[in-house]
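Subject: Structure handover

Hello,

Here is the structure for your files. My notes on what was found in it follow below.

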Amino acid sequence: MAEGDFVRETEMGKKMDRNSESLSNSESENDSISRISSLVATKDRDFLLSPNEQQVKVSRLEGKIVGLYFSGNWDPQCRNFTHLLANVYKQLRSEGSELEIVFVSCDEDIDAFNDYRAHMPWLSIPYSDMEVKKALNQRFNIEGMPCLVILQPKCGKDEVELRDGVELVYRYGVRAFPFTKERLEDLQRENREKHEKQNITNLLTKQNRDFLLGHPSSKKNVQIPVASLIGKTIGLYFSAQWCNPAVKFTPKLISTYNTIKQTLSKDEGFEIILVSSDLDQSAFDTYFSIMPWLALPFGDATIKELVKHFEIGAIPCLVIVGPNGKTLTKQGRSLINVYQENAYPFTPEKLELLRRKADEEVDPLYVVIAMNKGWAGPISVSNVGMKCIPSA
């Protein structure tokens, strides 16, 4: 073969490869558009609604990561998450991220839909298109709200859809993007490493703050060094005055705290720290004033970090950190409800001892009742229901 023929053939091969690659990319994009269209459009409607009522072609979603957001304005949890999601969405879009969200309304009427949508910076399926919304609910088996389903533009087996977008946004915020398997594995690895390096100092201090607020009945604005807590068992009490279950649990926790403190030896140490979710300084001051323990300052950035670090989904919650700075349990509230001061020091060994003791004290009458009801398994406290850990 002549050299010129070889060069021409080589160039032709490269051109064919580029055309093939372009065709492959085009097919991939068309598949992505087709897939999204089949979900959010119909033969009579190929558009979505923008926040300012403009019609946006579904084809505009081409190549983007799409989040289908199932929500309704009648649900307080939905409204709270919408506010958070809007902030995450705006930040990602301002950074040029290829993300789009499509609102799938579960509102009761058109007025509620319009009112709720006014707080959303993303696209929406028209309220009148009941069939598409119903089909999406069935397609993704939506059982609760809010729900954020993430669709990747490429249809890899492991990344076609991700249904726990709400949890990921709560836990990681903008860091969850682009919601790929690799990104989530990286975040999980970082989280494990952070827990392994966890100690009381890096949990509770900031660059400009190395103290906690002392009990309000003592000198005003007293500051307790975080360093003074090293080597002690610590309870991180996530709570707020506006939360009725928290208000009901706090007196029991105060009583248990005081009893534990009275029975400790000189070599032991136990402290509780309020991690407040109160809405304003006044509410925080009022709530903290009845408590005999310490607190993080109201509105401190550490509060949000601790909520994410321990994955606090509801309050009240009592997280117990051992003398070595590692987490012993997130079930402190339930343990206080069941065992009161006897739960201290909340170690696995102590809790196992308490459970064995409780099993030994099961009244034979309950065993007979359970057997008469056909229970074939081992009889224990949890089986019989004598001292089940309260869910409230």
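This is a predicted model: local features need pLDDT of at least 70, side-chain atom pairs count only at pLDDT 80 or more; totals for chains, interfaces and linings use all residues.

Strand β13 covers residues 317-321, and five of its five residues are buried, so the strand is largely enclosed by the rest of the structure.

β13 has pairing partners in β10 and β14. With strand β10 (residues 233-239) the pairing is antiparallel and runs over five bridges. Within it, Leu318 of β13 stands opposite Tyr237. With strand β14 (residues 327-329), β13 is again antiparallel, joined by two bridges. Here Val321 has Thr327 of β14 as its bridge partner. β13 and β14 make a hairpin with five residues between them, and in the turn Gly325 has a positive phi of about 85°.

**Aromatic rings**

The count of aromatic pairs comes to 20. One of them is Phe103 with Phe113, a stacked pair with 5.8 Å from centre to centre and 5° between the planes. Phe103 belongs to strand β4 (residues 99-105) and Phe113 to helix α3 (residues 110-117), so this pair ties together parts that are ten residues apart in sequence. Phe103 counts as buried, at 0% relative accessibility. Phe113 also counts as buried, at 1% relative accessibility.

Both rings belong to a cluster linked by ring pairs. The members are Tyr69, Phe81, Tyr89, Phe103, Phe113, Tyr116, Trp122, Tyr127 and Tyr170.

There are also charges over rings. The charged end of Arg139 sits over the ring of Phe140, at 4.6 Å from the ring centre. The ring of Phe249 has the charged end of Arg333 over it, at 5.9 Å from its centre.

**Cysteines**

How many disulfides does the structure hold? The number is zero. Cys78 is in no disulfide, and the nearest cysteine sulfur to it, that of Cys106, is 7.5 Å away. Cys78 is buried, with a relative accessible area of 0%. Cys147 is likewise in no disulfide; its nearest cysteine sulfur is that of Cys106, 9.4 Å away. Cys147 counts as buried at 12% relative accessibility.

**Cis peptide bonds and positive phi**

Which residues does the cis peptide bond with omega near 10° run between? That bond goes from Phe177 to Pro178. Pro178 is in the loop between α5 (165-172) and α6 (181-196). Phe179 lies in the loop between α5 and α6 as well. Its phi is near 65°, a positive value in a residue other than glycine. Is Phe179 buried or exposed? At 6% relative accessibility, Phe179 counts as buried.

Another cis peptide bond joins Tyr344 and Pro345, with omega about 10°. Pro345 is placed in the loop between α11 (332-339) and α12 (348-360). Phe346 is also found in the loop between α11 and α12. Phe346 has a phi near 70°, again positive in a residue that is not glycine. With a relative accessible area of 1%, Phe346 is buried.

**A buried aspartate in a loop**

Asp129 has its place in the loop between β5 (123-124) and α4 (130-139). Although in a loop, Asp129 counts as buried, at 14% relative accessibility. The cut-off for buried is under 20% relative accessible area, and the 14% of Asp129 falls under it. Leaving aside residues up to four places away in sequence, Asp129 touches Thr42 and Arg45.

Regards

Note on methods
Residues are numbered from 1 along each chain as its sequence is written. Side-chain values use heavy atoms; hydrogens and water are left out. Rings of Phe, Tyr and Trp (its six-membered ring) pair if their centres lie within 6.5 Å; planes under 30 degrees apart count as stacked, over 60 as edge-to-face and the rest as tilted. Helices (H or I, at least four residues) and strands (E, at least two) are DSSP runs, numbered from the N terminus. Buried means under 20% relative accessible area, exposed over 50%, partly exposed in between (1.4 Å probe, protein chains only). A charge sits over a ring if NZ of Lys or CZ of Arg is within 6 Å of the ring centre and within 35 degrees of the ring normal. A disulfide is a pair of cysteine sulfur atoms within 2.5 Å. Contact means heavy atoms within 4.5 Å. Two strands pair if DSSP finds at least two bridges between them.
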